[in-house]
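I opened this notebook page to record what I looked up in a structure, entry by entry.

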Amino acid sequence: MNYRHAVERHSFEDLASGRVLYNGRGTTAFPVRLASELFSRAAAYLTGRGNAGPYRLYDPCAGGAYMLTAIGFLHGDLIADIAASDIDPQAVELAARNLSLLTAEGLNERVRQLRELYDSYGKTSHSEALDSAERLGAIIASHPERPATACLAADATEPIGALQGRQFDMIVSDLPYGHLVDWTTEAEHPARQMLDRLAPLLTPVSVVVLVAPKEQKITNDRYEQVGQFKVGKRRAILLKLK
């Protein structure tokens, strides 16, 4: 793919899954550079239509919120609110722990855990994780107004009562695709039904960014496609309400 925004090949080791950010069985990581590109393309689209943020961001298939947390560190100055939901309560618990790292309190707790591990085992990996946590702490200190966060257990293909009355400018999600994670729902066409459920949650100037296998058709009469690009064997599509 051709990157338009995350054009420089930075090292994102500080955001590696399991280093400072938490990981868990059955949850997936996501390429950090690609996550940054997805957010930046969505932000550029919204800015071009008069919505310059700060943005309210939501992922309805968040898993452990690895992608959201990475975006929060890289673009937190442009984000007012981050919400994550998943049908798996254990994933939601992991998501809450990851998103807590976007605050000084949550990151300090992670530093305490890493110091205990280093004191007990003296591993180089724990020392390097502490160095990464220090650099992530500097990001937080440079933008003290951190995004508000919320996590909830919910089926993305069903109405989400806990989000009633809330609206989001940007929805970004890596859809289940049957490798480590698959849909857990009774819906015959889960992506289409999910888009139906998301429609009332979108602001008038908003965008939905979905990553899915190239062979998976994502259609919904309430939306129109405003962009797409290939991501290896998958593709990302940008949608807006008609």
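The entries below concern a predicted model.

**Entry 1: the sheet.** I first looked up the order of the strands. I found seven strands in an open sheet, arranged as β3-β2-β1-β4-β5-β7-β6, with mixed pairing. I then asked which strands stand at the edges. They are β3 (148-153) and β6 (223-231); each has a single partner strand, so one side of each lacks a neighbour in the sheet. From one strand to the next, I noted a twist that averages 15°.

**Entry 2: β4 and its partners.** I turned next to β4, which covers residues 168-174. I recorded that β4 pairs with β1 (residues 55-59) in the parallel sense, over two bridges. In that pairing, I located I171 of β4 opposite Y58. With β5, I found that β4 also runs parallel, and the two are joined by six bridges. Here I identified V207 in β5 as the bridge partner of M170. I also asked how many residues of β4 are buried. The count is seven of the seven, so I describe β4 as largely enclosed by the rest of the structure.

Entry 3: I looked up what helix α1 (residues 32-48) touches. I found α1 packed on the sheet, in contact with β1, β2 (79-86), β4, β5 (202-213), β6 and β7 (234-241). The direction of α1 makes about 150° with that of β5. For helix α3 (residues 89-100), I noted that it lies across β2 and β3 and runs at about 170° to β3.

**Entry 4: helix α5.** I then examined α5 (residues 124-142), a helix of 19 residues. From its first C-alpha to its last, α5 reaches 28 Å, which I noted as close to the 27 Å expected at 1.5 Å a residue. I asked which residues of α5 are buried. I listed H126, A129, L130, S132, A133, L136 and I140. These residues lie on the same side of α5, because they cover an arc of only 165° around the axis. I next looked up what they pack against, and found α2 (66-75) and α4 (104-121). On the face of α5 turned away from the buried side, I recorded T124, E134 and A141 as exposed.

Key
Residues are numbered from 1 along each chain as its sequence is written. This is a predicted model: local features need pLDDT of at least 70, side-chain atom pairs count only at pLDDT 80 or more; totals for chains, interfaces and linings use all residues. Side-chain values use heavy atoms; hydrogens and water are left out. Two strands pair if DSSP finds at least two bridges between them. Helices (H or I, at least four residues) and strands (E, at least two) are DSSP runs, numbered from the N terminus. Axes are lines fitted to C-alpha atoms, for helices over the stretch in contact, and angles run from 0 to 180 degrees between N-to-C directions. Contact means heavy atoms within 4.5 Å. Buried means under 20% relative accessible area, exposed over 50%, partly exposed in between (1.4 Å probe, protein chains only). The expected span of a helix is 1.5 Å times one less than its number of residues. The arc is that of the directions from the helix axis to the C-beta atoms.
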